[in-house]
Amino acid sequence: MYDNPLTKRDAVTKEVKISARGCQVYYGDTHAIKDVDVDIEDKTVTAFIGPSGCGKSTFLRCLNRMNDTIDVCRVEGDIRLDGEDIYDPKVDPVQLRAKVGMVFQKPNPFPKSIYDNVAYGPKIHGMSRNKAELDEIVERALRRGAIWDEVKDRLDAPGTGLSGGQQQRLCIARAVATEPEVLLMDEPCSALDPIATAQVEELIDELREQYSVVIVTHSMQQAARVSQKTAFFHLGNLVEYGETGQIFTNPQDPRTESYITGRIG
Amino acid sequence: MTDATDPSAQPAAAPQRRSSLLQLDERTRRRNAAEARFRLMGLIAVTIGILAVIGLISSILFNGASSFRQTFITLDVYLDPAKLDKAGTRDPEAISKVTTFGYAPLLQKGLVDTMAAQGIALDGLTAKQAAELISKEAPAQLRRYVMADVSRIGQTVTFDVLAAGRIDGYFKGRVTMESAALDRNVSPEQLMLADRLKEAGMLRTKFNLDFFTAPDASDTRPEAAGLGVAILGSAYMMLVVLVLALPLGVAASIYLEEFAPKNRFTDLIEVNISNLAAVPSIVFGILGLAVFINFAGLPQSAPIVGGLVLTLMTLPTIIIATRASLKAVPPSIRDAALGVGASKMQSVFHHVLPLAMPGILTGTIIGLAQALGETAPLLLIGMVAFVREYPSGPPDGFFEPAAALPVQVYNWTQRGDPAFVERASGAIIVLLVFLVIMNAIAIILRRRFERRW
């Protein structure tokens with residue numbers, strides 16, 4: 001992927017996967033996300049960047065309704081996945097989350113075996129009819145998570161016994177095991193060393209072929225390395241959204257420029 | 001430090017600050033002294049605690065250990081058909097008409113005859129006075145033995161009968177010649193006779209299994225009193241508490257912790273649960289009396305009522321412990337489960353609950369141990385009654401009168417005969433052993449579940 005210079009990235013417009021219009025999020029009285037409009041494309045890596053507390057994680061969590069678990073959180077506006085309003089009262093968030101998988105900042109494998117970690121999602125969604133099929137799903141997910149070769153001999157070992165980077169790739173494998181259409185990643189590399197980070201980034205680039213990936217990151221280099229589209233958030237506003245190459249080389253908004261040159265944030 | 005920027009102030013301040021690391025300055029010395037004082041206080045507190053526990057346990061053991069041994073007299077008894085089966089039909093129904101009063105003379109005759117055979121003189125005592133060495137419980141013992149197999153009538157059997165409480169006390173050091181001289185129930189001559197019986201091997205002190213299996217006995221025969229009914233009653237109550245309090249408590253805590261909206265109403269419930277844990281236990285007894293006995297019409301003294309009252313008492317303990325261990329499960333596990341599309345309930349039952357299990361079990365067993373030792377509420381619902389009949393097996397046994405271990409202790413300490421002091425201490429030892437076993441189980445379960453990963 002490093003042979004893909006920022007300025008030369010193709011600007012082919014793809015199908016829109018998720019579109020948000022006039023999205024507002026409140027935590028009690030705090031207005032955390034202010035009127036965000038964004039179109040997230042299919043088979044694209046979209047990076048959300050911005051200083052701490054700017055609302056990028058909050059917005060990410062709106063996309064699969066993880067904010068529902070926070071009592072004081074209120075979401076307004078319109079967020080559509082393939083044209084369907086995900087905040088429609090008829091939508092069951094559980095079904096939505098099967099389509100929109102999530103990887104968290106801190107690797108959080110279940111305290112179960114590696115196999116059970118990956119098999120759990122397919123099991124509860126009834127994706128396999130027998131053990132052989134489940135084995136196949138688990139292997140495919142672990143291969144896609146680029147961790148199969150490291151764990152294939154010890155699938156019964158606890159997932160919590162792996163190293164941090166392996167745990168995070170296990171979590172990615174767990175997320176892709178349920179065959180989601182969108183993969184949300186909330187600072188997936190912030191707890192990892194540079195080598196593990198490189199592995200995860202490589203993985204994200206591969207996942208782009210099948211999924212729409214949305215990644216929140218604090219590292220602008222990472223955003224530049226892995227994403228095709230970048231959104232810059234500041235104080236709850238979506239300041240600028242565009243091709244990654246354009247954002248990093250020719251930002252339109254002075255705030256974006258200040259941030260990427262290190263003057264704010 | 002503002003003057004640090006002023007170069008002229010620098011040389012003047014420097015020599016004053018110089019100090020050797022090898023020499024403690026005044027401040028450090030004071031801090032060290034304060035720490036040493038605090039450590040000493042802690043050490044004193046711990047020592048006092050340990051001494052108190054040692055004192056308590058040794059006093060209980062000193063008083064109670066002897067209750068596990070009991071004095072028995074070995075006799076040859078002729079089961080006279082002329083007395084026990086006048087008709088000669090060996091019909092158990094006819095024989096059961098002979099009361100324990102019919103058996104007492106047989107024992108008296110057996111004792112005198114056995115003594116004569118061993119060459120032990122009565123030494124001025126009448127046969128009746130000699131027979132007072134035998135417990136008043138002994139005729140009942142002999143009657144049960146005969147009723148178990150009526151074909152024994154007509155035979156001469158060798159039988160171990162309980163010695164009277166005073167004689168038992170003499171060999172345990174509770175009764176002396178001096179005290180016997182002032183005692184209406186025993187005379188020094190009888191004690192001397194007991195000594196001679198012991199020399200001849202007719203009288204022995206051995207392990208007292210009956211203490212664990214026999215029911216309570218009346219004031220005048222402490223030597224026969226046992227914990228059987230109390231142990232059974234306590235076991236029934238613990239069963240009721242476990243079956244009711246564990247699922248109710250765990251379900252309530254899961255709902256409150258994971259599902260209930262956080263509003264003023266749930267806050268109120270939370271405060272109330274915490275307060276319930278601090279309500280004096282006797283209040284629960286009054287509640288049980290009013291609700292379960294007077295209103296619901298459940299029988300008095302029954303383990304079911306005791307179990308229900310103790311369930312109410314144990315619930316807050318279990319709920320508080322369960323909520324604490326649910327809270328201790330990292331939220332990242334919940335996120336992980338929700339993130340792969342598990343429902344709220346799946347995330348709780350598949351992931352959160354297994355992780356909280358060691359804490360829940362520990363809390364439950366500690367709650368049970370508390371309930372096992374609880375006395376006050378049981379007094380109010382009639383568990384203090386004198387119960388000689390074993391409750392039958394479950395489920396009927398839950399509704400029949402029974403005693404409970406702590407109440408039995410309380411009961412025995414109220415009685416006049418000093419032999420009951422020994423019995424009460426023995427019962428406390430049994431109770432403590434049960435508590436230690438339960439705490440050990442809690443520790444083992446905790447280890448087992450925690451070691452999984």
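In the predicted model, 26 residues of chain A are in contact (heavy atoms within 4.5 Å) with 17 residues of chain B. The model is predicted, so local features need pLDDT of at least 70 and side-chain atom pairs pLDDT 80 or more, while totals for chains, interfaces and linings use all residues. Residues are numbered from 1 along each chain as its sequence is written, chains are lettered from A in the order in which they are written, and side-chain values use heavy atoms, without hydrogens and water.

The area buried between chain A and chain B is about 1,800 Å², taken as the accessible area (1.4 Å probe) that the two parts lose on being put together, summed over both. Carbon and sulfur atoms give 65% of that area. In chain A, A:F110, A:P111 and A:Y120 lose the most area to chain B. Together they account for 29% of what that side buries.

The side of chain A that touches chain B comprises 13 nonpolar residues (Ala, Val, Leu, Ile, Met, Phe, Trp, Tyr, Cys and Pro), five charged (Asp, Glu, Lys and Arg) and eight polar (the others, Gly among them).

Over all chains, the whole structure holds 38 salt bridges. One of them joins the side chains of B:D160 and B:R204, at 3.6 Å from N to O. B:D160 lies in strand 2 (residues 156–162) of chain B and B:R204 in strand 3 (residues 203–207) of chain B, so the pair ties together parts 44 residues apart in sequence. Strands are DSSP runs of E, at least two residues, and helices are runs of H or I, at least four, numbered from the N terminus.

Technical notes
Salt bridge = Lys/Arg side-chain N within 4 Å of Asp/Glu carboxyl O.
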